[in-house]
Amino acid sequence: MSLQDFINEAISPWMNTEGSDSDIVLSSRIRLARNFDYAAFPTSGEQESLIKVLEHMEKEYSNQSYNQFKQFHLVKMAELEPVQKRVLVEKHLISPHLAENNHTGAALISENEQASIMINEEDHLRLQLYYPGFELTKALETASQIDDWLEERTQYAFDEQRGYLTSCPTNVGTGLRASVMMHLPALTMTNKMNQIVPEINKLGLVVRGIYGEGSEALGQLFQVSNQITLGKSEEEIVEDLKSVVQQLIESERRAREWLLQQSGIQLEDRIFRSYGVLAHSRIIESKEASKCLSDVRLGIDLGYIKNVSKNILNELMVLTQPGFLQHYAQKALNPKERDAFRAHLIRERLQLEQY
């Protein structure tokens with residue numbers, strides 16, 4: 001497996017399967033923050049310690065296989081071009097913060113791209129694991145198994161009272177961030193999300209955009225995750241999140257049903273107008289593309305649009321981001337050129353669905 005394999009395809013192999021409630025929940029993610037007990041945390045900026053962490057991970061885990069994930073390939077930030085790093089961020093294989101660490105930052109990425117272990121991000125290790133659909137329990141079980149595999153050759157910073165020690169106090173305890181990526185177009189169209197988000201925040205959960213903290217909810221995609229990691233077990237955190245997500249799923253389904261009953265023809269018109277824009281535009285900005293892709297995905301889920309893959313939202317939301325556009329174009333593109341090339345790629349992709 002090479003770096004080129006990771007950046008050539010917008011859809012990771014694990015995305016080609018469906019999980020529970022996949023019409024609304026695109027993916028479930030478990031992220032575990034861990035630190036070595038003998039090295040200064042990355043936030044201290046002590047390069048010598050961080051180099052030792054990177055050398056240890058490269059020696060012990062690079063090109064090592066683990067169950068269905070097969071080999072883990074080491075990617076060093078210092079060896080990547082800016083556009084390559086951007087592509088990996090757009091595929092959620094690394095974080096924007098890790099991409100900025102050009103000295104000791106790296107990631108071990110599994111062959112099927114379902115798991116990645118970020119090295120010297122905010123913590124020494126940040127293991128993240130994805131499953132398609134609403135599969136938080138399964139994701140937690142598997143992430144815990146990988147964590148045990150890592151701990152066989154790594155001594156973690158751990159306190160009997162506080163739990164796992166992390167750079168940020170909000171991660172102390174379990175070090176767990178559980179999240180789901182949800183497509184909630186009907187709740188957005190009916191202006192219910194503005195009421196729902198503050199209520200979710202009161203429960204110790206947070207709602208963010210597609211790329212996490214500080215990002216915008218492009219294409220009516222929302223990431224719902226826990227904020228509290230201390231004082232609860234991993235299982236309790238996941239169960240609390242599952243309960244809220246289940247309510248969101250039911251609310252989104254009710255909102256879709258209401259839209260069908262109250263504004264069926266207007267909804268159908270919106271969906272097909274968006275499809276027309278995607279199919280025929282010569283210039284399209286990122287926000288407009290995201291909005292139209294969301295409408296088309298809703299149209300597929302409601303049965304209005306036939307013979308178009310559900311994966312089109314996942315694929316084109318990544319494929320039309322700046323990093324991927326420039327990777328495919330094999331050159332730097334200014335904003336106007338990106339808008340034109342984005343429209344070209346979308347038209348090309350939709351034409352493929354006809355065959």
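View A. Glutamate 239 and lysine 242 form a salt bridge, with their closest N and O atoms 3.4 Å apart. A salt bridge here is a side-chain nitrogen of Lys or Arg within 4 Å of a carboxyl oxygen of Asp or Glu. The two residues are three apart in helix α8, so about one helical turn separates them. Helices (H or I, at least four residues) and strands (E, at least two) are DSSP runs, numbered from the N terminus. Glutamate 239 counts as partly exposed because its relative accessibility is 42%, and lysine 242 is partly exposed as well, with a relative accessible area of 23%. Buried means under 20% relative accessible area, exposed over 50%, and partly exposed in between (1.4 Å probe, protein chains only).

The model is predicted: local features need pLDDT of at least 70, side-chain atom pairs count only at pLDDT 80 or more, and totals for chains, interfaces and linings use all residues. Residues are numbered from 1 along each chain as its sequence is written, and side-chain values use heavy atoms, with hydrogens and water left out.

View B. Helix α8 covers residues 234-280, which is 47 residues. Its end C-alpha atoms are only 48 Å apart, whereas a straight helix would reach 69 Å at 1.5 Å a residue; the expected span is 1.5 Å times one less than the number of residues. A kink of about 110° is centred on serine 263. The bend at a residue is the angle between axes fitted to the seven residues ending there and the seven starting there.

View C. Aspartate 295 and arginine 270 meet through their side chains in a salt bridge (3.1 Å, N to O). Aspartate 295 lies in helix α9 (residues 286-301) and arginine 270 in helix α8, so the pair ties together parts that are 25 residues apart in sequence. Aspartate 295 is buried, at 0% relative accessibility, while arginine 270 is partly exposed, with a relative accessible area of 28%. Salt bridges with shared partners also join Glu252, Arg256, Arg297, Asp301 and Lys310 into one network.

**View D. Strand β1 and its partners.** All ten residues of strand β1 (residues 25-34) are buried, so the strand is largely enclosed by the rest of the structure. Strand β8 (residues 176-183) runs antiparallel to β1, and seven bridges join them; two strands pair if DSSP finds at least two bridges between them. Leucine 32 has leucine 176 of β8 as its bridge partner. β1 also pairs with strand β5 (residues 125-132), in the antiparallel sense, over eight bridges. There, isoleucine 30 is partnered by leucine 129 of β5.

**View E. Surroundings of serine 179.** Serine 179 is found in strand β8 and counts as buried, at 2% relative accessibility. Neighbours within four places in sequence aside, the residues in contact with serine 179 are Ser27, Ser28, Arg29, Leu136, Gln223, Val224, Ser225 and Leu241. Contact means heavy atoms within 4.5 Å.

**View F. A buried charged pair.** The side chains of glutamate 121 and arginine 126 form a salt bridge (3.1 Å, N to O), and both residues are buried. The count of salt bridges comes to 23.

**View G. Helix α3 and the residue after it.** Helix α3 spans residues 82-90, and its buried residues are Gln84, Lys85, Val87, Leu88, Val89 and Glu90. Histidine 92 follows α3 and has a positive phi, near 65°.
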